[in-house]
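Please walk through the structure shown below.

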Amino acid sequence: MVIGNNKVVTINYTLTGADGSVLDTSEGDEPLAYLHGTGSLVSGVEAALEGKAANDHVSLTVEPAQGYGVRDEDLVFALPRTQFSNVSDLAVGMQFELQTEDDVHLATVVGLGDADVTVDANHPLAGQTLHFEIDVVSVREATAEELEHGHAHDHGHAHGHEHKHEH
Ligand code: ZN
């Protein structure tokens with residue numbers, strides 16, 4: 001069976017940055033399971049896996065536009081320091097979840113002023129050229145329930161996010 005839409009795919013992967021440092025890996029953890037064609041992986045990776053089968057190895061470099069996006073300097077902005085009054089040890093580099101109109105962004109504190117705090121809501125990997133080494137472990141048909149939910153129900157983690165059932 002080959003990878004295509006509505007298939008649940010299990011992969012082992014290692015993600016490295018342009019400088020060769022390991023940014024994320026499934027090594028030492030369970031393989032990652034995802035529902036293909038739903039955008040759960042960055043677009044460049046899903047495109048490269050299309051048509052592959054179990055035991056195939058994929059090695060690819062993904063430019064920012066097909067990865068976590070190009071950096072958007074409009075996403076670097078100041079918030080009043082009063083919004084952080086409940087944070088006792090506010091420091092540059094601290095990450096927090098920022099609720100916007102339609103999404104939750106992971107934002108990073110990049111500057112501290114007397115009255116305000118400068119934050120960067122770009123994805124931490126935005127603007128980076130990324131290298132993926134991927135081993136396809138298994139490919140199977142998605143169940144009706146998985147198709148309804150839009151995600152795989154196998155074990156595995158999706159970059160630290162909890163699996164949520166919002167229905
Ligand atoms: Zn579900």
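Beyond its neighbours within four places in sequence, V76 is in contact with R71, V110, T118, V119, D120 and N122. This is a predicted model, and the contacts are read from it. V76 belongs to strand 5, which covers residues 76–80. A144 is 68 residues away from V76 along the chain, and the C-alpha atoms of the two are separated by 41 Å.

The domain assignment divides the protein into domain 1, made of 7–68 + 126–156, and domain 2, made of 73–120. The centres of domain 1 and domain 2, taken over C-alpha atoms, are separated by 30 Å.

For F132, leaving out residues up to four places away in sequence, the residues touched are T14, L15, V42, V45, V58, S59, L60 and V62.

Strand 1 deserves a separate look. Eight of the 10 residues of strand 1 are buried, so that strand is mostly covered. How many bridges join strand 1 to strand 9? The two strands pair in the antiparallel sense over 10 bridges, and K7 has E141 in strand 9 as its bridge partner. With strand 3, strand 1 pairs over four bridges, again in the antiparallel sense; here the bridge partner of I11 is L32. Strand 2, residues 22–25, is also an antiparallel partner of strand 1, over three bridges. In that pairing L15 is bridged to D24. Strand 1 and strand 2 form a hairpin with five residues between them, and G20 in the turn has a positive phi of about 85°.

Is S26 buried or exposed? With a relative accessible area of 2%, S26 is buried, because the limit for that class is under 20%. Its contacts, leaving aside neighbours within four places in sequence, are I11, N12 and Y13.

The last stop is a pair of aromatic rings. A search of the whole structure finds one aromatic pair. In this pair the ring centres of F84 and F96 are 5.4 Å apart and the planes stand at 90°, so the arrangement is edge-to-face. F84 is in the loop between strand 5 and strand 6 (95–99), while F96 is in strand 6; the pair therefore ties together parts that are 12 residues apart in sequence. Both F84 and F96 are buried.

Methods
Residues are numbered from 1 along each chain as its sequence is written. This is a predicted model: local features need pLDDT of at least 70, side-chain atom pairs count only at pLDDT 80 or more; totals for chains, interfaces and linings use all residues. Side-chain values use heavy atoms; hydrogens and water are left out. Contact means heavy atoms within 4.5 Å. Domain bounds come from an automatic or database domain assignment. Buried means under 20% relative accessible area, exposed over 50%, partly exposed in between (1.4 Å probe, protein chains only). Two strands pair if DSSP finds at least two bridges between them. Rings of Phe, Tyr and Trp (its six-membered ring) pair if their centres lie within 6.5 Å; planes under 30 degrees apart count as stacked, over 60 as edge-to-face and the rest as tilted.
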